[in-house]
Amino acid sequence: MAEEVNVNRFADLAKDPYANFNEAVRAYIFRDKEVIEELVKVNDETSTFLIRNYLEVNLILESTDHKYVSGLTIQGGSEILGYELYVFRGLPPQQMVLGNEYFEYYLKCLYMTGYITFENDPYYEVACQRVREDKMRGRLDIF
């Protein structure tokens, strides 16, 4: 579970050139140990260790029009949360074509978050390990 908190709790983000704190509309803190374990299951060992000891992942959502999410900041680092938010954002139907890199990444995010599953799937743990290794090498793709 996430707890919604006042966005001003993260007012320091106003100093972050990559965050648009003036457009922050919602903020959430993840503290539940079981949820944290799920959020870090594909993270590399160092970030997993840090998050487990810090025991908090923060999500700040931004919206320019107060209707749709236009940006976000994740503090604490969670690959799974990033994938979930990519799925949540969705894609326009005209982009849902094999060969479109955004659609293919969207399908990968659906798989990594468990929205697409296969019975007796021997590849999920392999995919998780590949995410960990690629993150350590600075690569962003998950397959």
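## Cysteines

The count of disulfides in this structure comes to zero, taking a disulfide as a pair of cysteine sulfur atoms within 2.5 Å. Keep in mind as you read that the model is predicted.

## Salt bridges

How many salt bridges does a search of the whole structure find? The search gives five. As background, side chains of opposite charge can pair when their charged atoms come close.

Let's begin with R31 and E3, which form a salt bridge whose closest N and O atoms are 3.1 Å apart. This pair links distant parts of the chain, 28 residues apart: R31 sits in the loop between β2 and α1 (33-39), while E3 belongs to strand β1 (residues 2-5). R31 counts as partly exposed because its relative accessibility is 37%, and E3 is partly exposed as well, at 40%. There is also a network here: salt bridges link E3, R31 and E56.

Next come E4 and R26, whose side chains meet in a salt bridge at 3.4 Å, N to O. Here, too, distant parts of the chain are linked, with E4 in strand β1 and R26 in strand β2, 22 residues apart. E4 has 46% relative accessibility and so counts as partly exposed; R26, with a relative accessible area of 41%, is partly exposed. Another salt bridge joins the side chains of K41 and E38, at 2.5 Å from N to O. K41 is partly exposed at 27% relative accessibility, and E38 is partly exposed at 41%.

## The second largest pocket

Now for some open space. Rolling a probe the size of a water molecule over the atoms shows where empty space is left. The second largest pocket holds about 300 Å³ of space. It is lined by 13 residues, and the closest to its centre are L61, K67, Y68, V69 and F88. Elements giving two or more residues to this lining are β2 (24-30), β3 and α3 (79-89). Which element supplies the largest share of the lining? That is α3, with four residues.

## A nonpolar patch

On the surface, V69, L72 and F88 form a nonpolar patch, and together they have about 290 Å² of accessible area. V69 is found in the loop between β3 (57-62) and β4 (71-75). With a relative accessible area of 37%, V69 is partly exposed.

Key. Residues numbered from 1 in each chain as written. Predicted model: local features only at pLDDT ≥ 70, side-chain atom pairs only at ≥ 80, totals over all residues. Heavy atoms only, no water. Patch = residues over 30% accessible without salt bridge, like charges linked within 9 Å, V, L, I, M, F, W, Y side chains within 5 Å. Areas by Shrake-Rupley, 256 points an atom, 1.4 Å probe, with all protein chains shown as cover. Salt bridge = Lys/Arg side-chain N within 4 Å of Asp/Glu carboxyl O. Buried < 20%, exposed > 50% of the residue type's maximum accessible area, 1.4 Å probe, protein only. 1 Å grid on protein atoms, 1.4 Å probe; cavity = no way out; pocket = protein on both sides within 12 Å on 5 of 7 lines; lining within 4 Å. Points joined across faces, edges and corners; volume = space filled by probe spheres on them.
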